Amino acid sequence: MISSEAAPFAKTGGLADVVGSLPAALRAFGDEVAVVIPRYGSIDLKDARRVWDNLAVHFGPDAYPVSIYRAPAEHPVYLVDCPPLFDRKGFYGESGTDYPDNHIRFAVFCRAALSVARFLFRTDIFHCHDWQTGLVPAYLRTTFARDPTFLGCRTLFTIHNLGYQGLFPKTVLEEVALDPAVYRPDGMEFFGQVSYLKAGMEFADAVSTVSPTYAREIQTPEFGFGMDARLRARAQVLSGILNGVDYADWSPQTDAHIAARYGPEDLSGKAACKRQLLEEFGLPPEAMERPLLGTVSRFTRQKGADILAEIAAQIVAEDVYLVALGTGDPEYEDFFRLMQQEHPGRIAARIGFDNALAHRIEAGADIFLMPSHYEPCGLNQIYSLHYGTVPVVRATGGLDDTIEEGTGFKFAEYSGQAFLEAVRAAVRVFADREAWRRMMLRGMAKDFSWKTSAAAYSELYRRLLAG
Ligand code: ADP
């Protein structure tokens, strides 16, 4: 698996959780997986072992010095170390601006990953994730098409978010030593630019995305980001496999980050978690009797930050409380800061990335909000179910596939009004303590562990090798 993120080494979102936990789940099906990620500045090499030195990646006259480290993990995790490219503060950029050499950074990364397969871990399947790895199938189809090392290898490209397309000017093809023939509508060309995501989508043997509904949605103009026609053309090899979650990390029975442990047999610990969360956010103890709404999110329009902003004041008018954790667009970060000032003791926000706090919100809130505009899979609503925190979600992508009547509240139209009505419906049910408890328990009984989804990936790998 080639990815720009994998928990616990490097994480900004759900991609990291998936690549962090799917390999172990695949072992049950006899699949042996190695993971290749960049060695970012934030990854400590103290416990890692250097396994390959001075692997130069050449693009014409330019050479990039790369070393490969193996991180301590149950399965091989290879870190591509190239300090001039990756030893930086961010993964993809800083202060909201992408690094100007991302096309080089991830091209070098892809070439280094192919070298890992050549020298360190012979592979049958290259499973590539998102635009940062899209050049792997492209190089395999062009530069290395006749390379005996890779004969018979198959590629799977998984789209975790079609909104991030790795778009660059056409001139980068030469900089990353790609055959100019890839610049065509059924190749990397995308409205006069090149797209690394499209490279993966067009040149991989199979394409998957992270929920069945999102696999259908991306073939429509509304969700296709301009790629829908090409995705329809590839419909025969496109499938949707719902993400699983790692309950070893996300279970109220064992979670080390939360104030008290609890489970479906004994929910009393959840009240302790709520009390602690209220204190942590400086919200009053009266809130114990009222619904506490929580959200953990990238504050972007994709995640519905705009409609949450639109109705925040009306939500708290329902005599409820709201805690929010996230980072993202400065506009929405400012909005949450403002909301907290305007509704002291009602709305409390933390701007930042804080894994332990994300766990405490999952455990301490009564209701979890995910009003996404689009959502390829979404993990937080699945974690919420397991923590007995009833989700209110927009019926899109993976949210639609994982939440049903009886475990959560869904709304269809992307509008503040529709969202507000769903929140009000949740608040009404909350008032009936017994009905609410039943709803929590139905959610907690759901099983979204990797078992089913890892089986689907394993079967897809086998089909690819057979075909
Ligand atoms: P996406 O990958 O689109 O951001 P997902 O719901 O698939 O959304 O996954 C988000 C993951 O990132 C979850 O594990 C969530 O807890 C975590 N996360 C998102 N924002 C934060 C934050 N500000 N602090 C801590 N964890 C966060």
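## Helix H12

The buried residues of helix H12 (355–364) are Ala 356, Leu 357, Ala 358, His 359, Arg 360, Ile 361, Glu 362, Ala 363 and Gly 364. Buried means under 20% relative accessible area, exposed over 50%, and partly exposed in between, with a 1.4 Å probe and protein chains only. This is a predicted model, in which local features need pLDDT of at least 70 and side-chain atom pairs count only at pLDDT 80 or more, while totals for chains, interfaces and linings use all residues. Residues are numbered from 1 along each chain as its sequence is written, and side-chain values use heavy atoms, with hydrogens and water left out.

H12 is mostly covered, since nine of its 10 residues are buried. The cover over these buried residues includes helices H9 (268–280) and H13 (380–386), together with strands S14 (292–299), S15 (321–328), S16 (347–351) and S17. Helices (H or I, at least four residues) and strands (E, at least two) are DSSP runs, numbered from the N terminus.

## Asp 366

Asp 366 sits in the loop that links H12 to strand S17 (367–370). With a relative accessible area of 9%, Asp 366 is buried.

Leaving out residues up to four places away in sequence, Asp 366 touches Lys 274, Arg 290, Pro 291, Leu 292, Gly 388, Thr 389, Val 390, Phe 430 and Trp 436. A contact means heavy atoms within 4.5 Å.

## The whole chain

The protein chain holds 17 helices and 19 strands. Its radius of gyration is 23 Å, close to the 23 Å that the globule rule gives for 467 residues, so the chain is as compact as a globular protein of that length. The radius is taken over C-alpha atoms, and the rule is 2.2 Å times the number of residues to the power 0.38. Along the principal axes, the C-alpha atoms fill a box of roughly 70 × 45 × 40 Å.

Of the 467 residues, 60% count as buried. Among contacts with a separation of 6 or more, 70% join residues 24 or more positions apart. The chain exposes about 18500 Å², and carbon and sulfur atoms supply 51% of that area. Side chains number 47 positive and 59 negative, and the centres of the two sets lie 3 Å apart. Lys and Arg count as positive and Asp and Glu as negative, without His and the chain ends.

## Cysteines

A search of the whole structure finds zero disulfides, a disulfide being a pair of cysteine sulfur atoms within 2.5 Å. Cys 153 is in no disulfide, and the nearest cysteine sulfur, that of Cys 128, is 11 Å away. Cys 153 is buried, at 14% relative accessible area.

For Cys 377, the closest cysteine sulfur is also in Cys 128, and at 20 Å it is too far for a bond. Cys 377 counts as buried, with 2% relative accessibility.

## Backbone details

Ala 7 and Pro 8 are joined by a cis peptide bond, with omega about 0°. Pro 8 belongs to the segment before helix H1 (14–27).

Phe 225 is a residue other than glycine with a positive phi, near 45°. Phe 225 is in the loop between helix H7 (212–217) and helix H8 (228–233), and is partly exposed at 37% relative accessible area. Asp 319 has a positive phi near 60°. Asp 319 lies in the loop between helix H10 (305–316) and S15, and is partly exposed with a relative accessible area of 31%.

Note on methods
Accessible areas come from the Shrake-Rupley method with a 1.4 Å probe; for residues, only the protein chains shown count as cover. The place of a charge is taken as NZ of Lys, CZ of Arg, CG of Asp or CD of Glu.
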